[in-house]
Amino acid sequence: MSRSLYLLALYITEHEGSAPVSSGTVAERTDRTAGTVTEAFHDLAATKLVEYEPHEGAALTDAGYDRAQQFHETYVTLSWFFRDVLELPEYEQEAMEMAGAVSPTVARRLAATLLEEPSQNGGE
């Protein structure tokens, strides 16, 4: 299980609404089952990254928020790359799945490359 996927989905969903966020809501965003998300919430609660209440949902702790914010920065960069460079139709889902697998250094370098003038990175 990738904690990053669930932390990121929780982070985005909390920003769109309010906490706690239900397992079902995160399941829809991550294309997972509610049971899988509930299990992830339990694991994340054990590591103090979320507070979880059955039948209520989960909310990020301060530590969880900080970690999720890092994943979100990578997610934004990957989304941009997947949409504008690779022209993937499901760029947001792909970026969400990969955000935890890309180091912050790689994400920063990718963002810097994307921000370069087209003549500097081989474009017209």
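A: Start with the charged link. This is a predicted model, and one salt bridge is found across the interface of domain 1 and domain 2. A salt bridge also joins the side chains of Arg 32 and Glu 97, with 3.0 Å from N to O.

Now look at the side of domain 1 that touches domain 2. Two elements each give two or more residues to that side: α1 (3–16) and α2 (23–30). Helix α1 provides the largest share, seven residues. By type, this side of domain 1 has eight nonpolar residues, two polar and two charged.

Twelve residues of domain 1 and eleven residues of domain 2 take part in the contact.

Last comes the area. Domain 1 and domain 2 bury about 1000 Å² between them. Carbon and sulfur atoms give 70% of that area. On the domain 1 side, three residues lose the most area to domain 2: Ser 4, Leu 8 and Tyr 11. Together they make up 47% of what that side buries. Find these three in the view, then find Arg 32 and Glu 97, the salt-bridge partners.

Notes: Residues numbered from 1 in each chain as written. Predicted model: local features only at pLDDT ≥ 70, side-chain atom pairs only at ≥ 80, totals over all residues. Heavy atoms only, no water. Contact = heavy atoms within 4.5 Å. Buried area = accessible area lost by both parts, 1.4 Å probe. Salt bridge = Lys/Arg side-chain N within 4 Å of Asp/Glu carboxyl O. Helix = DSSP H or I, 4+ residues; strand = E, 2+ residues; numbered from the N terminus. Nonpolar A, V, L, I, M, F, W, Y, C, P; charged D, E, K, R; others polar.
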